Amino acid sequence: MAKDLTLELKFRDPARARALADAMQRNLDAIGREVSVMHVCGSHEQAIARFGLRAVLPPQLRLIMGPGCPVCVTDGPEVDEAVALAQGGAHVCTYGDMLRLPGTSRSLADAQADGARVHVVYSVAQAVDVARAHPADEVVFMASGFETTAVATAAVALGELPANFSILSVHKYVPAAMEVVSRSKASAIEGFLAAGHAAIITGHALFEPFAARTGAPVVVAGFEPLDILAAIVKLTDLIREGRPEVFNAYPRCVSREGNLPAQQVLWKVFQPRAGTWRGIGEVPDGNLDLRPEWAHLDARRRLEPDVSGVRDDAAAGLERDCLCGPIMLGLAAPHDCPLFGRACVPEAPVGACMVSSEGTCRIWHTYGGAPDLRRVEGRAAGRG
Ligand code: SF4
């Protein structure tokens, strides 16, 4: 039988986890007040929820998932553009969790049910295959995801493509959203865990100006339970010592400079612009658009989606009660939403955070129904 290298490397060792939890507790005792820290990654939240890591955190430590799910922050009007293109006759290809994401009135799944040609793909290359299979039709790839995923889109854009293929970019740039969250006095975030996989591309030096400007330390974290706990210990070290620095707690994968060829590919094809993130609002430099030299690949410029028959800002219905925005800003938790697990479930999501497997509500629903952190915190407080 093959060896389980994960166990061999002891990334899930209970004794080490307890030691890290004790180190965290010592830091919080020294700080002497409640501290809020945020991670911005659905994969981190999946690991935190799946392994029950909040159960060992000090009760004074709030660990919040911020805007770390690219599906959740894709704005309704962006979905409208894809729906309009699909209803207008184009083939629209996108990742599976974008299918049921609500626009202002309809989702791509709704359009598909009415006969629009919507394809679920696992990669941008597969969308190119769809274009080659339908040379007489326009084929649009709705490109979602953060900067890591945008690199894959950019790499394909630089290759040879069929003339009927274009890209509707709804890619987002996470560091820009961290700036917005860090300015929110209400959420009072004192430090950030940065996603290790994104930092593999960007490098951890990217966060140095951010930490210096905002006064919030940043620790780059991997995805095993002990990676995350060790990163939180380091983050609370830096907060306790008042050092707004960047620390790389994922050195086996992340370097200071990151993947320079990947960065070149990314910025050759995309440029940042201000855009609206669902639930967050305006994020300066938060959206990644195709550069003007790639206008022939840009579905917005080439096909000019007409959303007039799709967009309906008054049609939000139940979604008006959705707390995704406050949840992503660290101002609420899924169990604060009256719809959580009742009117809003993964099979019938009301808000974006329940649609994707990287959304906070979906993750909490999957790994424990309605986790009551106050109860968990109470248990942790009673720990010997
Ligand atoms: Fe929005 Fe549903 Fe989460 Fe409530 S449970 S905040 S409606 S996604």
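Before we start, one definition: the domain bounds used here come from an automatic or database domain assignment. Also keep in mind that this is a predicted model.

Q: How far apart do the C-alpha centres of domain 1 and domain 2 lie?
A: Start with the division of the protein chain: domain 1 covers 33–317 and domain 2 covers 318–367. Taking the C-alpha centres of domain 1 and domain 2, the distance between them is 18 Å.

Q: How many residues does the contact take from domain 1, and how many from domain 2?
A: The two parts of the chain are domain 1 (33–317) and domain 2 (318–367). Their contact draws on both, with 33 residues from domain 1 and 25 residues from domain 2.

Q: Is helix 7 oblique or perpendicular to helix 8?
A: Helix 7 spans residues 124–133 and helix 8 spans residues 147–157, and their axes are 9 Å apart. The angle at which helix 7 and helix 8 pack is about 40°. That angle makes helix 7, relative to helix 8, oblique.

Q: Are helix 8 and helix 13 roughly parallel or roughly perpendicular to each other?
A: Helix 13 takes in residues 260–269, and its axis is 8 Å from that of helix 8. The two pack at an angle of about 75°. Helix 8 and helix 13 are therefore roughly perpendicular.

Q: How many charged residues does the contact of helix 8 with helix 13 have?
A: Helix 8 brings Glu 147, Ala 150, Val 151, Ala 154, Ala 155 and Ala 157, which meet Ala 262, Val 265, Leu 266 and Val 269 in helix 13. By class, that contact of helix 8 with helix 13 has 9 nonpolar residues, no polar ones, and a charged count of 1.

Q: What is the volume of the largest cavity?
A: Searching the whole structure turns up 1 cavity of 30 Å³ or more. Among the 13 residues lining the largest cavity, Cys 322, Leu 323, Cys 337, Cys 344 and Cys 361 lie nearest its centre. The lining of the largest cavity divides into 12 nonpolar, 1 polar and no charged residues. The volume of the largest cavity is about 80 Å³.

Q: How much space lies in the second largest pocket?
A: The lining of the second largest pocket divides into 13 nonpolar, 8 polar and 3 charged residues. Helix 8 is one of the elements that each supply at least two residues of that lining. The space in the second largest pocket comes to about 380 Å³.

Technical notes. Residues are numbered from 1 along each chain as its sequence is written. This is a predicted model: local features need pLDDT of at least 70, side-chain atom pairs count only at pLDDT 80 or more; totals for chains, interfaces and linings use all residues. Side-chain values use heavy atoms; hydrogens and water are left out. Axes are lines fitted to C-alpha atoms, for helices over the stretch in contact, and angles run from 0 to 180 degrees between N-to-C directions. Helices (H or I, at least four residues) and strands (E, at least two) are DSSP runs, numbered from the N terminus. Angles under 35 degrees count as roughly parallel, over 145 as roughly antiparallel, 65 to 115 as roughly perpendicular and the rest as oblique. On a 1 Å grid over the protein atoms alone, a cavity is a set of points where a 1.4 Å probe fits but cannot get out, and a pocket is an open set with protein on both sides within 12 Å along at least five of seven lines; lining residues have an atom within 4 Å of a point. Grid points are joined across faces, edges and corners, and a volume is the space filled by probe spheres set on the points. Ala, Val, Leu, Ile, Met, Phe, Trp, Tyr, Cys and Pro count as nonpolar, Asp, Glu, Lys and Arg as charged, and the others, Gly among them, as polar. Contact means heavy atoms within 4.5 Å.
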